[in-house]
Amino acid sequence: MAQSTRRKGTNTNDVKHLLLAGAVAATIAGWGVWASQDAASDLTTTPSRDNVSAPAVEQPVSRRVVPNTTTRTLPTPVTVTGSSR
Amino acid sequence: MQRLEFRAMGSQIVVLLDVEATPEAAVLLDAVPGWFAEWEQCLSRFRPASELAHLNRKAGQWVPVSPVLWDVLQHALAAARASAGLVTPALLDALEMAGYDRSFEYLLPAGASAPHPATIGSRRNPDDDWQAIELDPRTHSIRVPADMPLDLGGIAKGWAAQQALQRLAVHGPVLVNVGGDIAVSGPWRDGTRWPIGVMDPLAPEQQLDVLMVATGGVATSGREYRRWQLNGVWQHHILDPRTRQPAATDVLSATIIAPSACEAEMAAKVTLILGSGAGLDWLEERTALAGLLVLEDGTVVSSHRLPDYRWKG
């Protein structure tokens with residue numbers, strides 16, 4: 001059992017198989033593209049209500065305002081995505 | 001097209017299978033609710049007898065876990081890594097202190113004052129906590145730090161959608177929708193992409209748009225539906241791990257298209273937490289993602305890759 005092996009702590013080989021979560025997350029199938037990508041270290045900056053992004057009058061390059069869809073006739077979807085219901 | 005709907009995991013489940021109506025298809029779809037019941041019994045934080053609840057009670061100790069819990073936790077950790085900790089399984093204590101301490105169906109929108117402190121938690125680096133979880137791949141055992149109970153939340157729903165998809169896709173093109181977390185296996189037999197509506201958070205009976213998706217995942221994070229009052233202050237269920245409080249954001253809802261439902265779920269939460277400016281920048285840097293955001297003032301904005309998916313009538 002890993003617990004007793006780890007607590008004895010006398011044999012380095014015994015604990016080599018133990019992994020911290022970060023090492024596991026780097027290898028999970030289907031998430032490889034994320035492992036090689038900087039997960040944006042700047043995201044760890046603590047926000048405050050003063051620096052929440054507000055809708056800007058002048059649209060930045062990455063922002064594309066979607067045209068009003070009320071003028072379009074949408075097809076009937078097979079299902080809908082929305083806040084979890 | 002064969003269709004199945006039922007409730008599980010606190011959500012409406014929709015399964016669509018593009019096959020002929022045969023007895024074999026009926027038997028196949030009849031099995032699906034049982035899969036979800038099994039997964040919910042393992043993964044729910046609201047069920048005292050669940051495997052996740054058992055793991056949380058044994059915090060600080062090594063606990064052997066089932067293949068299901070092992071797999072879902074690995075996806076949750078991958079999401080934490082990909083989001084620099086913004087989407088983390090290590091926020092359960094903060095969620096409960098914010099008042100989300102029972103299944104959402106039992107939370108009153110204007111609930112009575114709860115005996116929780118107004119200050120939910122201290123500011124911290126979100127990329128630290130989840131990395132303290134230890135795993136033993138040899139025995140499939142997990143050790144959760146004593147002060148860090150886990151909540152698998154939205155990642156569990158994305159995982160369930162993907163898992164059901166894998167089991168059904170061998171029979172034909174399939175879509176699985178778990179409360180808005182959608183997995184799609186491939187286009188219909190005639191090559192048509194799946195038309196998926198995007199709910200308007202300001203008018204839930206209406207759709208903002210229809211996305212045409214052939215394969216991968218679609219998910220929406222929103223702060224309008226799962227919300228409640230705590231000591232007279234509105235709370236919502238998308239917590240910012242940096243403050244351990246409901247995210248202060250100008251985004252009402254974020255809908256993301258990604259290679260899988262779990263990735264879409266993670267990216268939708270990140271975009272909502274970051275707000276429209278930083279959130280869209282984060283999306284644009286990741287070429288596998290496209291997103292549609294609804295802001296507090298009703299403005300609808302999108303990433304530059306979204307038009308690839310919008311229905312063009």
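A: In this predicted model, B:C262 counts as buried because its relative accessibility is 0%. B:C262 takes part in no disulfide, and the cysteine sulfur nearest to its own, that of B:C42, is 14 Å away. B:C42 likewise counts as buried, because its relative accessibility is 9%. For B:C42, the nearest cysteine sulfur is that of B:C262, at 14 Å, and B:C42 is in no disulfide. With a cut-off of 2.5 Å between sulfur atoms, a search of the whole structure returns 0 disulfides over all chains.

The account now turns to the nonpolar interior. In soluble globular proteins, nonpolar side chains tend to be buried together. Here the largest nonpolar core contains 80 residues, and B:F36, B:W39, B:L43 and B:V176 are those with the most contacts inside it. Helix α4 of chain B, residues 67-82, supplies the largest share of this core, 11 residues.

When neighbours within four places in sequence are set aside, its contacts are B:M9, B:V68, B:W159, B:A160, B:Q163, B:A164 and B:R167. Ring pairs also place B:W39 in a cluster with B:F6, B:W35, B:F36 and B:W159.

Over all chains, the count of aromatic pairs is 5. One of the pairs joins B:F6 and B:F36 in an edge-to-face arrangement, with 5.5 Å from centre to centre and 70° between the planes. Because B:F6 belongs to strand β1 (residues 2-8) and B:F36 to helix α2 (residues 32-43), both of chain B, this pair ties together parts that are 30 residues apart in sequence. B:F6 and B:F36 are both buried. The pair of B:W35 and B:W39 is tilted, because the ring centres are 6.4 Å apart and the planes stand at 40°. Both of these tryptophans lie in helix α2 of chain B, separated by 4 residues, about one turn of the helix. B:W35 and B:W39 are buried as well.

Charged side chains complete the picture. B:R167, already named as a contact of B:W39, has its charged end over the ring of B:W35, 4.9 Å from the ring centre. Another arginine, B:R143, lies in strand β5 of chain B, residues 141-143. B:R143 is buried, with a relative accessible area of 16%, and its side chain forms a polar contact of 2.8 Å with that of B:E134.

Note on methods. Residues are numbered from 1 along each chain as its sequence is written. Chains are lettered from A and ligands numbered from 1 in the order in which they are written. Side-chain values use heavy atoms; hydrogens and water are left out. A nonpolar core is a set of buried Ala, Val, Leu, Ile, Met, Phe, Trp, Tyr and Cys residues joined through side-chain atoms within 4.5 Å. Buried means under 20% relative accessible area, exposed over 50%, partly exposed in between (1.4 Å probe, protein chains only). Helices (H or I, at least four residues) and strands (E, at least two) are DSSP runs, numbered from the N terminus. Contact means heavy atoms within 4.5 Å. A polar contact is a pair of N or O atoms within 3.5 Å; within protein, one must be able to donate a hydrogen and the other to accept it, and residues adjacent in sequence count only if both atoms are side-chain atoms. Rings of Phe, Tyr and Trp (its six-membered ring) pair if their centres lie within 6.5 Å; planes under 30 degrees apart count as stacked, over 60 as edge-to-face and the rest as tilted. A charge sits over a ring if NZ of Lys or CZ of Arg is within 6 Å of the ring centre and within 35 degrees of the ring normal.
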